[in-house]
Amino acid sequence: GIIRVLLLDRPEARNALSRKLVSELARHVDEIQAEEGVGKTRALIIASNVDQAFCSGADLKERKTFTQEE
């Protein structure tokens, strides 16, 4: 099987988790899950393309714009 490597690459935000980034990660995980253990993917590695941090957590600047329901 293949090893998938997903690189977080938001250097301006130290890889803070925005809606877009979480959505993209979920899409890749869903693709692997859909293989149901018999697909090409053997492993998933999530790494950082940013030297300063792996992930700084939630994107607080984006969250400031959320409504109460969001």
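Visitor: Leaving aside neighbours within four places in sequence, which residues is S18 in contact with?
Guide: In this predicted model, those partners of S18 are R10, D59 and E62.

Visitor: Where is S18 found?
Guide: S18 sits in the loop between β1 (2–8) and α1 (19–34).

Visitor: And is S18 buried or exposed?
Guide: Buried, because its relative accessibility is 7% and the cut-off for buried is under 20%.

Visitor: What does the S18 side chain reach?
Guide: The backbone nitrogen of L21, at 3.1 Å.

Visitor: Back to R10. Which residues does R10 pair with in salt bridges?
Guide: One is E12, with the closest N and O atoms 3.6 Å apart. Another is D59, at 3.2 Å from N to O.

Visitor: Switching topic: how many salt bridges does the structure hold?
Guide: Six. One of them joins R27 and E31, with the closest N and O atoms 3.1 Å apart.

Visitor: How are R27 and E31 placed in helix α1?
Guide: They are four residues apart in α1, so about one helical turn separates them. R27 is partly exposed at 44%, and E31 is partly exposed at 34%. Through shared partners, salt bridges join R4, R27, E31 and E35 into one network.

Methods. Residues numbered from 1 in each chain as written. Predicted model: local features only at pLDDT ≥ 70, side-chain atom pairs only at ≥ 80, totals over all residues. Heavy atoms only, no water. Helix = DSSP H or I, 4+ residues; strand = E, 2+ residues; numbered from the N terminus. Buried < 20%, exposed > 50% of the residue type's maximum accessible area, 1.4 Å probe, protein only. Polar contact = N/O pair within 3.5 Å; in protein donor to acceptor, adjacent residues only side chain to side chain. Contact = heavy atoms within 4.5 Å. Salt bridge = Lys/Arg side-chain N within 4 Å of Asp/Glu carboxyl O.
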